[in-house]
Amino acid sequence: MISYAPFYETLIRTGKTEYELIYKYGLSANTIHRMKHAKPITTTTLDTLCFILDCEISDIIEYIKEE
């Protein structure tokens, strides 16, 4: 399972908000909704988030093995 928990930690660390991502950077509100509900997002979106937040992919997503 893919978890977006690191994304929210990165938001706090960088001082950015979901509102800012949507209204300042043009990220889709639907993308934020999908992340909150553990749904897939595109690699293009991951690339955009890494650019905006100046971080690595591991700062946005992590893989959690289901057993």
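This is a predicted model: local features need pLDDT of at least 70, side-chain atom pairs count only at pLDDT 80 or more; totals for chains, interfaces and linings use all residues.
**View 1. Phe-7 and Tyr-8 form an edge-to-face aromatic pair.**
Rings of Phe, Tyr and Trp (its six-membered ring) pair if their centres lie within 6.5 Å; planes under 30 degrees apart count as stacked, over 60 as edge-to-face and the rest as tilted. For Phe-7 and Tyr-8, the distance is 4.8 Å centre to centre, with 75° between the planes. Phe-7 is buried, with a relative accessible area of 0%. Tyr-8 is partly exposed, at 26%. Here buried means under 20% relative accessible area, exposed means over 50%, and partly exposed lies in between (1.4 Å probe, protein chains only).

**View 2. Tyr-19 and Tyr-23 form a tilted pair.**
The ring centres of Tyr-19 and Tyr-23 are 4.5 Å apart and the planes stand at 40°, so the pair is tilted. Both residues belong to helix 2. Helices (H or I, at least four residues) and strands (E, at least two) are DSSP runs, numbered from the N terminus. Because Tyr-19 and Tyr-23 are four residues apart in helix 2, about one helical turn separates them. Tyr-19 counts as exposed at 58% relative accessibility. Tyr-23 counts as exposed at 61%.

**View 3. Helix 1 has a buried face and an exposed side.**
Pro-6, Phe-7, Thr-10 and Leu-11 are buried in helix 1. Seen down the helix axis, these residues fall within an arc of 145°, so they line one face of helix 1. The arc is that of the directions from the helix axis to the C-beta atoms. On the other side, Glu-9, Ile-12 and Arg-13 are exposed. The buried residues of helix 1 pack against strand 1 (2–3), helix 2, helix 3, helix 4 and strand 2 (62–63). Gly-15 follows helix 1, and its phi is positive, near 75°.

**View 4. Helix 4 (residues 43–53) buries six named residues: Thr-45, Leu-46, Leu-49, Cys-50, Ile-52 and Leu-53.**
Why do they lie on the same side of helix 4? They cover an arc of only 165° around the axis, which puts them there. The face turned away from the buried side carries the exposed residues Thr-43, Thr-44, Asp-47 and Phe-51. Cover for the buried residues includes helix 1 (5–14), helix 2 (18–23) and helix 3 (29–36). Asp-54 follows helix 4, with a positive phi near 50°.

**View 5. The largest nonpolar core has 16 residues.**
A nonpolar core is a set of buried Ala, Val, Leu, Ile, Met, Phe, Trp, Tyr and Cys residues joined through side-chain atoms within 4.5 Å. Phe-7, Leu-21, Met-35, Leu-49, Leu-53 and Ile-60 have the most contacts inside this core. Helix 1, helix 3 and helix 4 are the elements that give two or more residues to it. Helix 4 gives the most, with five residues.

**View 6. Leu-49 sits in helix 4.**
Leu-49 is buried, with a relative accessible area of 0%. Leaving aside neighbours within four places in sequence, Leu-49 is in contact (heavy atoms within 4.5 Å) with Phe-7, Leu-21, Leu-27, Met-35, Ile-41, Asp-54, Cys-55 and Ile-60. Glu-66 is 17 residues away from Leu-49 along the chain, and their C-alpha atoms are separated by 26 Å.

**View 7. Lys-36 is an exposed residue of helix 3.**
Lys-36 has 51% relative accessibility. Leaving aside neighbours within four places in sequence, Lys-36 is in contact with Tyr-8 and Glu-18. Tyr-4 is 32 residues from Lys-36 along the chain, yet their C-alpha atoms are separated by 7.6 Å.

**View 8. Cys-50 and Cys-55 form no disulfide.**
A disulfide is a pair of cysteine sulfur atoms within 2.5 Å. By this rule the structure has zero disulfides. The cysteine sulfur nearest to that of Cys-50 belongs to Cys-55, 4.5 Å away. Cys-50 counts as buried at 14% relative accessibility. Cys-55 counts as buried at 11%.

Technical notes:
Residues are numbered from 1 along each chain as its sequence is written. Side-chain values use heavy atoms; hydrogens and water are left out.
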